[in-house]
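Here is a set of questions and answers for someone meeting this structure for the first time. Please keep the sequence and the model in view while reading.

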Amino acid sequence: MKVLGIDIGGSGMKGGIVDLESGEMITERYRIPTPASRKPKEMAEVFRDIVNHFEYKGPIGCGFPTIIKHGVCKSVSNLNKGWLNLDTQKLFSDACGQPVTVINDADAAGYAVMKYGIGKNEDGLVLMITIGTGIGSGAFFDGVLIPNFELGQIPYKKYKKIEHYAADSVRKNKNLSFKEFGKRVNKFLEFVDILVCPDLIILGGGVSKYFDKFEKEIKIETPVKPAILGNHAGIIGAAAAVSF
């Protein structure tokens, strides 16, 4: 089965067609910057444009950067407040005229890594942490998804959310070195380690391709590995969401 997956982030909305048997993208990734307003109408238009780019007809899977419950947005996170309690699934379906399944973006990326990537056959509690504009997290126990496990929302010192301290967008905006950034990521992972005591942490999102630049700053006891599927994990997992 070949399905279009769309991964929505704070800075970009990306899509690609995925072969769900192999977990491989069979097209080039297509990316459009996320509208600066981050409002529902504007983002739905970009969603439609991505679908039209691929001339795609059929079910679509979408990873969305906040808590999603039965297709409804339950937290605005880094988005416009107009998203709160909005039926996101219906909005995108109406925009493109195709059936759309929407899940949390970190859950989607985690599903891809657990089914097709480095997390395959890993037992126990495995966390997928995506670090980009914000920090997302997906949790799996013996390979089964525990949805909406939003660890990036933990308050830290003067920060309302620790993602305002340790996200990759913070590294870019503050021009942090990878050493400084790695120490911030490690601080976040220390909290994660104490709170949920996982067996494995997999780092994904755009920052995963730079893992070797800050790996030595990660000092927690729990093993931490890069996702390897990298920035495509969100698209692959989003596509797979149609078969959840």
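Q: Leaving aside its neighbours within four places in sequence, which residues is His164 in contact with?
A: In this predicted model, His164 is found in helix H4, which covers residues 163-166. Once its neighbours within four places in sequence are left aside, the residues in contact with His164 are Asn78, Tyr159 and Val170.

Q: Does His164 count as buried, partly exposed or exposed?
A: A residue counts as buried under 20% relative accessible area and as exposed over 50%, with partly exposed in between. The relative accessibility of His164 is 34%, so this residue of the model counts as partly exposed.

Q: What distance separates the C-alpha atoms of His164 and Ser37?
A: Along the chain, His164 and Ser37 are 127 residues apart.

Q: Is Thr130 buried or exposed?
A: Thr130 is found in strand E9, and it points the same way from that strand as Val126 and Met128. The cut-off for a buried residue is under 20% relative accessible area, and Thr130 has a relative accessibility of 11%, so it counts as buried.

Q: Which residues does Thr130 touch, not counting residues up to four places away in sequence?
A: Touching here means that heavy atoms lie within 4.5 Å. With residues up to four places away in sequence not counted, Thr130 touches Ala106, Ala109, Ile135, Gly136, Gly204 and Gly205.

Q: What distance separates the C-alpha atoms of Thr130 and Ser208?
A: These two residues are 78 residues apart along the chain.

Q: How many residues of strand E9 are buried?
A: Strand E9 spans residues 125-131 and is mostly covered. Leu125, Leu127, Ile129 and Ile131 point one way from E9, while Val126, Met128 and Thr130 point the other way, and all of them are buried. Of the 7 residues in E9, the number buried is 7.

Q: In E10, which residue is the bridge partner of Val126?
A: Strand E10 covers residues 135-141, and it pairs with E9 in the antiparallel sense over 7 bridges. A hairpin joins E9 to E10 through 3 residues. Within this pairing, the bridge partner of Val126 in E10 is Phe140.

Q: Which residue in E12 does Met128 stand opposite?
A: E9 is also joined to strand E12, residues 200-204, by 5 bridges, and these two strands run parallel. Along this pair, Leu127 stands opposite Ile201, while the residue that Met128 stands opposite is Ile202.

Q: How many residues of E12 are buried?
A: Leu200, Ile202 and Gly204 point one way from E12, whereas Ile201 and Leu203 point the other way, and all are buried. E12 is therefore mostly covered, and of its 5 residues the number buried is 5.

Q: Which residue in E13 does Ile202 stand opposite?
A: Strand E13 covers residues 224-226, and E12 pairs with it in the parallel sense over 3 bridges. In this pairing, the residue that Ile202 stands opposite is Lys225.

Q: What is the relative accessible area of Glu55?
A: Glu55 has its place in the loop between H1 and strand E5 (60-64). Its phi is near 50°, a positive value in a residue other than glycine. Glu55 is exposed, and its relative accessible area is 72%.

Q: What is the radius of gyration of the protein chain?
A: The protein chain has 8 helices and 13 strands. For 244 residues the globule rule gives 18 Å, and the value for this chain is close to that, so the chain is as compact as a globular protein of that length, with a radius of gyration of 17 Å.

Q: What percentage of the residues in the protein chain is buried?
A: The C-alpha atoms of the chain fill a box of roughly 50 × 40 × 30 Å, taken along the principal axes. Of the 244 residues in the protein chain, the buried ones make up 55%.

How values were computed
Residues are numbered from 1 along each chain as its sequence is written. This is a predicted model: local features need pLDDT of at least 70, side-chain atom pairs count only at pLDDT 80 or more; totals for chains, interfaces and linings use all residues. Side-chain values use heavy atoms; hydrogens and water are left out. Helices (H or I, at least four residues) and strands (E, at least two) are DSSP runs, numbered from the N terminus. The radius of gyration is taken over C-alpha atoms; the globule rule is 2.2 Å times the number of residues to the power 0.38. Buried means under 20% relative accessible area, exposed over 50%, partly exposed in between (1.4 Å probe, protein chains only). Two strands pair if DSSP finds at least two bridges between them.
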